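Below is a short briefing on a structure, grouped by topic. Please read it with the coordinates open.

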Amino acid sequence: MPRERFKTLTEQMFYILLCLHEECRGADILEMVRTLTDGRVNIGSGTLYDLLEQFVKEGAIKETRAEGRRRSYIITEKGRQMLDKEYHRLLGQTADYDRILRKEASS
Amino acid sequence: MKSIKRCICNFSFYDQQAIQEKLEDMAEKGWMLEKTGSFMWTYKRMEPKKLRFSITYFPGALDFDPRPTDDELTRIDFCRQDGWIPVTDWGVMQVFYNENMDAVPIETEPVTQVENIRRSMRKNVLLPHLVLCGALLWNLFMRFSQWKRDIVGELSDPVSLYSVLMFGMLVLVTLYEIGFYFYWNIKAKSAAQNYGVFLSIQSRPAASWVLMAFSALFLILTFTAFRGPLGSAMLLLCAVPLIMVIGDLIKRHLKKRGISRNVNRMISVSSVILLTFLLLSIITASIIRSGSGFSSGENVVGTYEFYGRTREIYNDPLPLEIEALADVRAQWSKEADHQETVLLSSTEYRQYAVPVDGNDSVDERELEYTVSEVKWPFLYGFIKRAALNARQDQIHGDYVFTDHYEPVDASAWNADDAYQLHWSSSVINTYLLFWKNRIVELKFYWEPTPEQISIAAGILGNVSAGRDQ
């Protein structure tokens with residue numbers, strides 16, 4: 001079954017939303033994500049643009065400012081819910097990991 | 001040393017990987033892409049360099065845009081941040097290069113990447129391809145309708161047969177491109193959504209090129225068989241490229257002048273449509289003006305006036321002449337028209353009395369016949385059936401207009417099968433005769449006697465459908 005759009009977030013989507021917890025210029029997100037993840041997650045510049053457009057359409061983020069072509073965004077309530085949902089999904093995954101593999105290790 | 005190089009663009013529009021590899025290869029050889037186009041891409045000389053290229057698609061763009069839109073420029077700004085320098089664009093396709101071989105790719109999200117290609121293809125490639133395919137199929141349908149009416153004439157006419165094959169090949173090229181894209185899109189979408197990977201496109205341009213080569217071969221064969229005016233043949237040959245080049249020039253000119261995308265699109269598309277009609281009208285008019293030319297025109301022996309028009313009198317050699325059947329004195333025009341393809345050869349013969357002082361009822365004796373030879377035995381049955389079925393009764397409510405062949409005694413013709421035409425409420429002196437590999441349609445303009453039938457059968461049953469008869 002194909003994955004429904006935004007039902008679960010890819011790592012790149014997750015970090016874009018996370019960076020937008022406070023107002024931020026779109027183009028700055030590239031560097032922010034690299035710094036935040038210590039270079040582990042790299043978002044392509046074209047992909048960043050496309051995802052920002054899709055998040056705006058979805059209502060997950062909103063445009064706050066436009067100075068020429070420089071646009072700033074911030075996460076919306078809906079985006080926050082998406083991020084929380086993903087966070088809890090990841091927590092669930094790590095809990096399952098702990099429950100099974102740690103149990104094995106201790107026994 | 002030349003500083004500009006033009007190469008044929010021989011890859012599918014959405015085959016990012018093939019295009020990137022080609023551009024990287026060219027850069028290593030010292031050529032940087034300067035301009036894209038539908039057929040040729042232009043490169044300018046530079047220092048040979050190892051560069052990394054990236055092809056991306058921006059569905060919001062349109063080839064008619066006078067300049068990049070703000071959204072497109074914003075996306076380009078994003079790309080610049082990672083060192084990607086825009087080279088040029090081609091409608092929705094954008095070409096970038098980067099001097100850093102380890103730069104982060106422009107696109108890192110497979111689902112978005114596939115979706116961008118899908119949206120770009122739909123607008124810029126699929127729609128024009130489907131329109132082209134529809135036009136080609138409509139053309140083929142019209143030609144096949146004609147085949148149903150006159151299978152012998154059409155299969156023995158090289159222009160008809162080879163142009164149908166040419167259009168058929170073009171349909172295959174178009175369907176192959178469309179089909180391959182849909183096949184890739186379904187697989188790529190699934191791979192991106194389920195496994196988070198971008199399924200690279202491995203298009204097979206060679207297959208398209210082979211089909212195009214066959215299409216070009218049939219075009220050349222059509223061109224060499226064309227018997228109309230040379231100018232029309234040249235125009236016919238160059239019509240499609242000419243229309244495309246002029247359409248492209250108009251679009252580019254309007255873009256340069258900063259005309260909006262909608263106005264540009266309206267003017268460019270209208271110009272192409274008008275130009276198509278204009279060229280088709282010129283070609284058709286010149287063919288009509290030059291006359292259909294029943295005879296090959298080699299044996300003109302005089303002219304006569306008929307209803308204010310000058311007509312030529314021919315003396316082509318005919319295998320069967322009225323003189324062999326009856327003692328009739330008149331000035332005759334004897335015409336023969338031969339046509340031949342790899343499938344079938346066919347010669348139409350006609351003999352009629354030249355009207356005296358514009359009066360065409362001097363003698364009603366006139367003879368017309370077509371001798372056709374099927375070159376491939378496996379086709380004989382099909383062509384025989386088609387020739388018999390070319391005439392069909394027409395049903396209008398309760399009224400049936402008779403128009404069909406009915407069998408007659410073949411032994412009188414010493415033939416395998418013989419049929420006679422029933423038309424309206426009469427039995428017409430038109431016969432369809434079948435010998436081993438030969439089909440003859442013979443039309444007497446009088447009631448033939450058994451002796452005349454025997455003489456005609458003796459000659460036409462043995463004659464071969466060639467020019468020299």
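Contact here means heavy atoms within 4.5 Å. The model is predicted, with local features needing pLDDT of at least 70 and side-chain atom pairs counting only at pLDDT 80 or more, while totals for chains, interfaces and linings use all residues. Residues are numbered from 1 along each chain as its sequence is written, chains are lettered from A in the order in which they are written, and side-chain values use heavy atoms, without hydrogens and water.

**Chain A overall**
- Chain A has four helices and three strands, where helices (H or I, at least four residues) and strands (E, at least two) are DSSP runs numbered from the N terminus.
- Along the sequence the order is α-β-α-α-β-β-α.
- Taken along the principal axes, the C-alpha atoms of chain A fill a box of roughly 60 × 30 × 25 Å.

**Packing of α1(A) and α3(A)**
- In contact with each other are A:Gln12, A:Met13, A:Ile16 and A:Leu17 of α1(A) and A:Thr47, A:Leu48, A:Leu51, A:Leu52 and A:Phe55 of α3(A).
- By class, this contact has seven nonpolar, two polar and no charged residues; nonpolar covers Ala, Val, Leu, Ile, Met, Phe, Trp, Tyr, Cys and Pro, charged covers Asp, Glu, Lys and Arg, and polar covers the others, Gly among them.
- Helix α1 (residues 11-19) and helix α3 (residues 45-58) of chain A pack at about 70 degrees, with axes 11 Å apart; axes are lines fitted to C-alpha atoms over the stretch in contact, and angles run from 0 to 180 degrees between N-to-C directions.
- The two helices are therefore roughly perpendicular, a term for angles of 65 to 115 degrees.

**Ends of α5(B)**
- A side-chain oxygen of B:Asp157 lies within 3.1 Å of the backbone nitrogen of B:Val159 at the start of α5(B).
- B:Gly196, with a positive phi near 65 degrees, follows α5(B).

Notes. Parallel < 35°, antiparallel > 145°, perpendicular 65-115°, else oblique. Polar contact = N/O pair within 3.5 Å; in protein donor to acceptor, adjacent residues only side chain to side chain.
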